[in-house]
Structure formats: structure tokens, C-alpha cells
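I opened a new structure today and kept notes on what I looked up. The entries are in the order in which I made them.

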Amino acid sequence: MSALHSELGIAGGTIIRDHAELRALLDSDPFPGLTHGRGTYLTATFLKDGATGPGRLPESPDPRTRIVGYDKAARVFLAVIDNSQPGQTPDFMFWLDKTYGKDITTRTWLTVQRIVKKLES
């Protein structure tokens, strides 16, 4: 992490997962039959290494969010968000931020798929 700051000027931390973890996550098919879109915004929120995952998942924090689950191996929350009303952040994102602070990063499922594809090329 210090190299990111000293060599590239990037402050803060970076959350990294290795290829095997991401490949296993993709292979688990956590969003069966769903396609990423405005009404089905597929997200993966990664926790920093060492962060404690949830004892249990929150109960429907927002009607626009469906929590698919938490993958312990990859340390990632998986959720489907109805993002059809731009500019309105679901309570689930607030809960994640409040619970885990800035030691998280959320990416779309498409981005996770692209990263794995790039690692495999």
C-alpha cells in the first residue's frame, strides 16, 4: 500500500482479491438468471482484508435492495439494487458505509466479470 502512495500518489488503501477468489465467486453464480440493468443493478461490495463479516445479514434495509448474500471466502456482499430512480442511494449502501466505514469498495458485477476476463487473457 505504501508503494501506491509513494510511486503513484494514490492515497488511502486498495482492496485486492486474487484471481482464484474472484473466479470462485463468479463460478458460484450468485445472480442466477439476472442481467445487470437499471432495475437490476448487480453489485459486489468487498470488505478490506481482516474486516469481520456480518454475523447475520440485515433485514431488507430498503425496498429497492435485495441482499443476495455474503460470500465469506471473497469477503463480499452481493446485492441487487433497483437503481431506476437515479440520484437516490438505497439505505443498504448507507448501512454498509455506517457498519464498515471506508474499508469497503462497491463494484458492479459487470466490473468483477471484466476483471476476471482480463486476468484470464
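**Entry 1, ground rules.** I am working with a predicted model, in which local features need pLDDT of at least 70 and side-chain atom pairs count only at pLDDT 80 or more, while totals for chains, interfaces and linings use all residues. I number residues from 1 along each chain as its sequence is written, and side-chain values use heavy atoms, with hydrogens and water left out.

I looked up helix 2, residues 19-27; helices (H or I, at least four residues) and strands (E, at least two) are DSSP runs, numbered from the N terminus. I found Leu 22, Leu 25 and Leu 26 buried there. These three cover an arc of only 95° around the axis, which puts them on the same side of helix 2; the arc is that of the directions from the helix axis to the C-beta atoms. On the other side I noted Ala 20 and Asp 27 as exposed. For these words I use relative accessible area: buried is under 20%, exposed is over 50%, and partly exposed is in between (1.4 Å probe, protein chains only).

What do the buried residues of helix 2 pack against? I listed strand 1 (41-47), strand 2 (65-71), strand 3 (76-81) and helix 4 (109-120); contact means heavy atoms within 4.5 Å.

I checked Asp 29, which follows helix 2, and its phi is positive, near 50°.

How many salt bridges does a search of the whole structure find? I got three, counting a side-chain nitrogen of Lys or Arg within 4 Å of a carboxyl oxygen of Asp or Glu.

- Glu 21 pairs with Arg 75, with the closest N and O atoms 3.1 Å apart. This pair links distant parts of the chain, 54 residues apart: Glu 21 is in helix 2 and Arg 75 in the loop between strand 2 and strand 3. Glu 21 is partly exposed at 23%, and Arg 75 is buried at 16%.
- Asp 27 meets Arg 23 at 3.0 Å, N to O. The two are four residues apart in helix 2, so about one helical turn separates them. I read 53% for Asp 27, which is exposed, and 26% for Arg 23, which is partly exposed.
- Arg 23 also forms a salt bridge with Glu 120, the closest N and O atoms being 3.0 Å apart. Arg 23 lies in helix 2 and Glu 120 in helix 4, so the pair ties together parts 97 residues apart in sequence. Glu 120 is partly exposed at 43%.

I noted that shared partners join Arg 23, Asp 27 and Glu 120 into one network of salt bridges.
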